[in-house]
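Here is a short briefing for a reader new to this structure.

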Amino acid sequence: MPLRNVYDPDNIFAKILSGEMPCVKIYEDDETLAFMDIFPQSKGHLLVLPKAPSHNLLDAKPETLAKLMPTVQRLAQAVETALKPDGIQISQFNGSVAGQTVFHLHVHIIPRYEGEDLDRHAAMPADIETLRPLAERIAKAIS
Ligand code: AMP
């Protein structure tokens with residue numbers, strides 16, 4: 001598959017953005033949406049998406065990235081305040097060989113805790129009810 005300009009409007013994140021599929025929402029504005037990753041690699045793993053469609057970073061418009069990164073920073077700061085992790089990993093994958101599994105641009109915010117390894121990527125589904133209180137704590141810490 002080519003790495004860019006092959007956006008599929010039926011991808012799961014497009015369906016979340018249209019309201020066709022649910023998510024555990026943390027934050028939304030006109031340009032971006034943040035919700036809990038349902039296969040979290042650590043406690044508090046969340047995703048930030050631009051609403052504008054692009055396959056990944058390579059075919060995103062610069063103005064889309066300019067709207068996305070301030071939300072990534074705000075959510076990372078909220079995670080820091082709410083969950084007090086020892087570190088925060090920010091990651092983003094382009095192409096399935098690089099680890100991309102959903103083909104609508106998104107950024108992972110993954111809290112890291114001293115002595116704890118990450119769970120496997122996109123592997124173990126969380127109990128949604130454990131994600132809701134985490135989402136609320138993070139949302140309350142957004143400044
Ligand atoms: P990537 O592999 O970078 O494309 O990341 C996609 C991420 O989306 C993975 O971490 C998955 O766990 C996560 N994911 C897949 N489906 C959903 C969903 N319906 N709601 C929330 N997160 C999801």
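Two strands pair if DSSP finds at least two bridges between them. Helices (H or I, at least four residues) and strands (E, at least two) are DSSP runs, numbered from the N terminus. This is a predicted model: local features need pLDDT of at least 70, side-chain atom pairs count only at pLDDT 80 or more, and totals for chains, interfaces and linings use all residues. Residues are numbered from 1 along each chain as its sequence is written, and side-chain values use heavy atoms, with hydrogens and water left out.

**The sheet**

- Five strands form an open sheet with antiparallel pairing, in the order E1-E2-E3-E5-E4.
- Strand E1 (25-28) and strand E4 (87-91) are the edge strands, and each pairs on one side only.
- On average, neighbouring strands of this sheet are turned by 20° against each other, direction ignored.
- Helix H2 (residues 62-83) packs on the sheet, where it touches E1, E2, E3, E4 and strand E5 (107-112). Contact means heavy atoms within 4.5 Å.
- The direction of H2 makes about 160° with that of E3. Axes are lines fitted to C-alpha atoms, for helices over the stretch in contact, and angles run from 0 to 180 degrees between N-to-C directions.

**Strand E2 and its partners**

- E1 and E2 run antiparallel and are joined by three bridges.
- A hairpin of three residues links E1 to E2.
- Glu 28 stands opposite Leu 33 in E2.
- E2 also pairs with E3, antiparallel, over five bridges.
- Leu 33 has Leu 49 in E3 as its bridge partner, and Ala 34 has Val 48 in E3.
- Five of the five residues of E2 are buried, so E2 is largely enclosed by the rest of the structure. Buried means under 20% relative accessible area, exposed over 50%, partly exposed in between (1.4 Å probe, protein chains only).
- Both faces of E2 are covered: Thr 32, Ala 34 and Met 36 are buried on one side, Leu 33 and Phe 35 on the other.

**Asp 37**

- Asp 37 sits in the loop between strand E2 (32-36) and strand E3 (46-50).
- Asp 37 is buried yet has no salt bridge, meaning a side-chain nitrogen of Lys or Arg within 4 Å of a carboxyl oxygen of Asp or Glu.
- The side chain of Asp 37 reaches the backbone nitrogen of Phe 39 at 2.8 Å.
- Leaving out residues up to four places away in sequence, Asp 37 touches His 45, Leu 46, Leu 47, His 108 and Leu 131.

Technical notes
Lys, Arg positive; Asp, Glu negative; His and termini not counted. Polar contact = N/O pair within 3.5 Å; in protein donor to acceptor, adjacent residues only side chain to side chain.
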